[in-house]
Amino acid sequence: RQTPYAAPGYGSISTAAAARDACAEKALHQAGPSSRLIGSARASTMSTGWEVEGVVGSGDGDIPFVCSVRNGSVSGILLK
């Protein structure tokens, strides 16, 4: 069994707002220290959690991301 990605400071993610915040934080961390969130991330409900989409800006340009929150934890994130 795989362990979900930790979401420090968020505990078990139980709301769309918490899912957006945790996923945005993960995307910013992966994009690098000078990155920033562009606009706001959007959370869509899934049967076991949320799918979050957004855009982070870095020195390399704008990077779209998609993130899954399942069963209360960030289960995956992809920077496109």
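Where is Asn71 found? Select Asn71 and you will see that this residue sits in the loop between E3 and E4, where helices (H or I, at least four residues) and strands (E, at least two) are DSSP runs, numbered from the N terminus. Before going further, please note that this is a predicted model, in which local features need pLDDT of at least 70 and side-chain atom pairs count only at pLDDT 80 or more, while totals for chains, interfaces and linings use all residues. Residues are numbered from 1 along each chain as its sequence is written, and side-chain values use heavy atoms, with hydrogens and water left out.

**Stop 1**

With Asn71 still selected, look at its backbone: although Asn71 is not a glycine, its phi is positive, at about 50°. Most residues other than glycine have a negative phi. The hairpin of E3 and E4 that holds Asn71 has two residues between the strands. Asn71 counts as exposed at 67% relative accessibility (buried means under 20% relative accessible area, exposed over 50%, partly exposed in between, with a 1.4 Å probe and protein chains only).

**Stop 2: the sheet**

Now colour the strands, and follow the open sheet that four of them form in the order E1-E2-E3-E4, with antiparallel pairing; two strands pair if DSSP finds at least two bridges between them. Strand E1 (36–46) and strand E4 (73–79) stand at the edges with a single partner strand each, so one side of each is left without a neighbour in the sheet. On average, neighbouring strands of this sheet are turned by 20° against each other, direction ignored (axes are lines fitted to C-alpha atoms, for helices over the stretch in contact, and angles run from 0 to 180 degrees between N-to-C directions).

Select E1 together with strand E2 (residues 49–58), and you will find eight bridges joining these antiparallel strands, which form a hairpin with two residues between them. Within this pair, Ser44 stands opposite Glu51 in E2, and the bridge partner of Ile38 in E2 is Val55.

Helix H1 (residues 16–31) packs on the sheet and touches E1, E2, strand E3 (61–70) and E4, its direction making about 45° with that of E4; contact here means heavy atoms within 4.5 Å.

Moving across the sheet, E2 and E3 pair in the antiparallel sense over 10 bridges, and a hairpin of two residues joins E2 to E3. Here Val55 stands opposite Pro64 in E3, and Glu53 stands opposite Val66 in E3. E3 and E4 are likewise antiparallel, with six bridges, and Cys67 stands opposite Ile77 in E4.

**Stop 3**

Select Ser58, which lies in strand E2 and counts as buried at 15% relative accessibility. Leaving aside neighbours within four places in sequence, Ser58 is in contact with Ala31, Ser35, Arg36 and Ile63.

From there, step to Ser35, whose place is in the loop between H1 and E1 and which, at 13% relative accessibility, also counts as buried. The side chain of Ser35 reaches the backbone oxygen of Gly32 at 2.6 Å and the backbone oxygen of Leu28 at 3.0 Å. With neighbours within four places in sequence set aside, the contacts of Ser35 are Leu28, Gly57 and Ser58.

**Stop 4: the nonpolar core**

Finally, select Ile13, Cys23, Val52, Phe65, Cys67, Val69 and Val74, which have the most contacts inside the largest nonpolar core, a set of 16 residues (a nonpolar core is a set of buried Ala, Val, Leu, Ile, Met, Phe, Trp, Tyr and Cys residues joined through side-chain atoms within 4.5 Å). The elements that give two or more residues to this core are H1, E2, E3 and E4, and H1 gives the most, with five residues.

End on Cys67: leaving aside neighbours within four places in sequence, Cys67 is in contact with Cys23, Trp50, Glu51, Val52, Val74, Gly76 and Ile77.

Note on methods
Polar contact = N/O pair within 3.5 Å; in protein donor to acceptor, adjacent residues only side chain to side chain.
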